[in-house]
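Open the viewer and keep the selection tool at hand.

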Amino acid sequence: MNSIRLPPPGALLTQAQFEQLDHEDALASARAAFSLPADTLYLDGNSLGALPRKVLESTRHALENDWGRGLIRSWNDAGWFDAPVRIGARISALVGAAPDEVIAADSTSINLFKALSCALHLRPDRSEVLVETGDFPTNTYIAAEVAARSGKRLVSANTQDLISRIDERVAVVLLTHVNYRTGFMHDMADITRKAHEVGALVVWDLCHTAGAMPCSLSAHQVDFAVGCGYKYLNGGPGAPAFIFAAREHHAAMAQPLAGWMGHRSPFAFASNYEPAEGMRRMLAGTPSILALQALEAALSAFDGIDLQALRDKSVALTELFIRLLDQELSGLGFDLLSPREARHRGSQVSLRHERADPIMQALISRGVIGDVRRPDILRFGFAPLYVRFMDVWNAIAVLRELMHDQSYLDPAHQQHRTVI
Ligand SMILES: *Cc1c(COP(=O)(O)O)cnc(C)c1O
């Protein structure tokens with residue numbers, strides 16, 4: 001049951017109801033931790049999280065004090081050496097893992113390479129790597145590369161065929177929990193159970209999960225997981241990512257990027273590689289300390305936050321966005337691409353429209369920021385820490401206005417942008 005009381009289904013939605021929901025919102029004060037421009041309505045936290053105020057302070061301190069004054073002493077004195085482990089432990093609380101099962105490192109792409117390689121190494125007798133058709137491209141590219149290097153076959157299945165395709169041939173199933181285009185959310189418990197029943201391992205990608213909802217990696221006995229630091233975790237553009245490995249795999253896991261920072265004793269400068277115990281062996285080279293410090297400061301926005309309350313708010317925001325779409329924008333060419341049923345939906349709503357790109361450009365010019373996935377998908381992300389119910393109301397009002405005045409047809413909104 002959602003703890004947030006929404007107007008009954010079918011009832012006409014009014015602005016007063018959205019104001020009231022903000023008034024009653026248990027998470028309303030969390031928004032104060034973020035520095036957001038007053039004239040902007042930000043619905044793209046699923047792509048790049050907003051700037052937490054703490055990051056400003058903490059980055060200044062990291063620059064002036066830790067680097068500027070401490071210089072190389074800060075590897076010991078400012079906790080630089082332990083930062084990946086310490087921040088991993090902080091993230092573990094958001095994904096339902098033990099503190100020593102997560103480490104902050106590298107990018108999601110690189111962590112996918114490590115996690116998939118480890119999983120294949122643990123299942124040498126199996127012949128296939130199973131992925132989902134339409135997953136985020138980097139996941140498919142990396143899976144293809146890892147599979148090819150190990151002489152395995154990459155098999156891709158449609159969403160509806162996935163679970164039945166998991167059989168004894170499969171070494172590892174790689175899945176993104178919440179799809180980046182559609183917002184469709186898999187049942188992590190079900191799929192992990194099915195994979196284990198046939199002796200396969202799972203790698204879950206939590207890019208659109210961590211920081212938006214609770215997640216139970218340990219309870220579902222997930223083998224490996226990866227996730228992103230710059231989406232709902234708000235670590236900043238290109239923030240370090242994270243990787244999870246269940247403790248039972250720690251002793252046997254062999255990741256191929258055997259760099260010195262993953263050595264048992266990096267400062268022994270030994271000529272032979274001996275992996276560190278536990279998650280430290282997932283490190284390769286020297287971590288990006290400034291970026292790690294920014295991510296650590298960003299994570300403080302989650303202090304004291306009840307993750308179920310976060311999910312409840314996210315469901316309420318997306319639900320209301322969909323209901324307002326039905327109420328205000330019917331007949332204007334929009335099709336809902338995201339699931340209507342909350343249990344199948346992440347924290348985003350995607351719409352199809354044949355003029356998606358100019359419509360989004362026109363929206364952004366009026367201060368409502370979402371994004372598009374070409375050719376025809378508009379995406380709206382609802383980061384529950386800082387998106388307000390009135391943002392949902394206002395975003396739909398602006399969208400309705402520009403559909404009616406057709407300002408999206410202006411030449412100014414037909415530009416080609418590299419990053420969309
Ligand atoms: C955002 C995202 C990535 C990004 O990977 P990077 O290595 O950080 O560029 C990977 N996979 C999924 C599913 C994503 O949503």
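Start with the cartoon view of this predicted model. Colour by secondary structure: the chain has 13 helices and 15 strands. Its radius of gyration is 22 Å, close to the 22 Å that the globule rule gives for 420 residues, so the chain is as compact as a globular protein of that length.

**Stop 1: the ligand**

Select the ligand and show the protein surface.

Next, select the residues around the ligand. They are Ser 107, Thr 108, Ser 109, Phe 136, Thr 138, Asn 139, Thr 176, Asp 205, Cys 207, His 208, Tyr 230 and Lys 231. Colour this shell by type. Three of its residues are nonpolar, seven are polar and two are charged.

α5 (108-122) supplies at least two residues of the shell, and so does α6 (137-149).

**Stop 2**

- Asp 205: an N or O atom of its side chain is 3.1 Å from a nitrogen atom of the ligand.
- Tyr 230: a polar atom of its side chain is 2.8 Å from an oxygen atom of the ligand.
- Lys 231: an N or O atom of its side chain is 2.6 Å from an oxygen atom of the ligand.

How much of the ligand's accessible area does the protein cover? On its own, the ligand has 390 Å² of accessible area, and the protein covers 87% of that.

**Stop 2: two loops**

Select Gln 221, in the loop between β8 (201-205) and β9 (224-227). Its phi is near 55°, a positive value in a residue other than glycine.

Then move to Pro 375. This residue is in the loop between β14 (371-373) and β15 (377-381). Look at the peptide bond from Arg 374 to Pro 375: it is cis, with omega near 5°.

Why stop at such places? Most residues other than glycine have a negative phi, and most peptide bonds are trans.

Note on methods:
Residues numbered from 1 in each chain as written. Predicted model: local features only at pLDDT ≥ 70, side-chain atom pairs only at ≥ 80, totals over all residues. Heavy atoms only, no water. Near = heavy atom within 4 Å. Polar contact = N/O pair within 3.5 Å; in protein donor to acceptor, adjacent residues only side chain to side chain. Areas by Shrake-Rupley, 256 points an atom, 1.4 Å probe, with all protein chains shown as cover. Helix = DSSP H or I, 4+ residues; strand = E, 2+ residues; numbered from the N terminus. Nonpolar A, V, L, I, M, F, W, Y, C, P; charged D, E, K, R; others polar. Rg over C-alpha atoms; globule rule 2.2 N^0.38 Å.
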